[in-house]
Amino acid sequence: MDSKESKKDSLDIAGRIYDVSDYKRKNTLSSGLAKTHEQVSDTYMEGEMQSVVDDVDGKNIEIKGEEAEEERQ
């Protein structure tokens, strides 16, 4: 691949935004965008740092903030 093709591929990836179909795609970029979208959406809707994120794969992931670490000590 020459440098022009590589640069074009990089620009395509850099300009990529989340799409609903990313949940069904199996490539790394789509999976990452879907997970990030899910996490941001869940955190926004929960409105707190100690919320639980519903992962794309159906697992719940607890979000731990700095305050949660201090409370445990």
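Is tyrosine 23 buried, partly exposed or exposed? In this predicted model, tyrosine 23 has a relative accessible area of 28%. Buried would require a value under 20%, and exposed a value over 50%. Tyrosine 23 is therefore partly exposed.

Tyrosine 23 also takes part in an aromatic pair. A search of the whole structure returns one such pair. Its members are tyrosine 18 and tyrosine 23. A pair of aromatic rings is described by the distance of the centres and the angle of the planes. Here the ring centres lie 6.0 Å apart. The planes meet at 85 degrees, so the arrangement is edge-to-face. The cut-off for that class is an angle over 60 degrees. Tyrosine 18 is partly exposed as well, with a relative accessible area of 25%.

The chain contains three helices and two strands. Along the sequence, these elements follow the pattern α-α-β-β-α. Helix α1 spans residues 3–14 and includes isoleucine 13. The relative accessibility of isoleucine 13 is 52%, so this residue counts as exposed. Isoleucine 13 and leucine 29 are 16 residues apart along the chain. Their C-alpha atoms are separated by 8.2 Å.

Values for the whole chain complete the description. The chain has 73 residues, and buried residues make up 15% of them. The accessible surface comes to about 6200 Å². Carbon and sulfur atoms account for 51% of that surface. Among contacts with a separation of 6 or more, 2% involve residues 24 or more positions apart.

Technical notes:
Residues numbered from 1 in each chain as written. Predicted model: local features only at pLDDT ≥ 70, side-chain atom pairs only at ≥ 80, totals over all residues. Heavy atoms only, no water. Helix = DSSP H or I, 4+ residues; strand = E, 2+ residues; numbered from the N terminus. Buried < 20%, exposed > 50% of the residue type's maximum accessible area, 1.4 Å probe, protein only. Phe/Tyr/Trp six-rings, centres within 6.5 Å; stacked < 30°, edge-to-face > 60°. Contact = heavy atoms within 4.5 Å. Areas by Shrake-Rupley, 256 points an atom, 1.4 Å probe, with all protein chains shown as cover.
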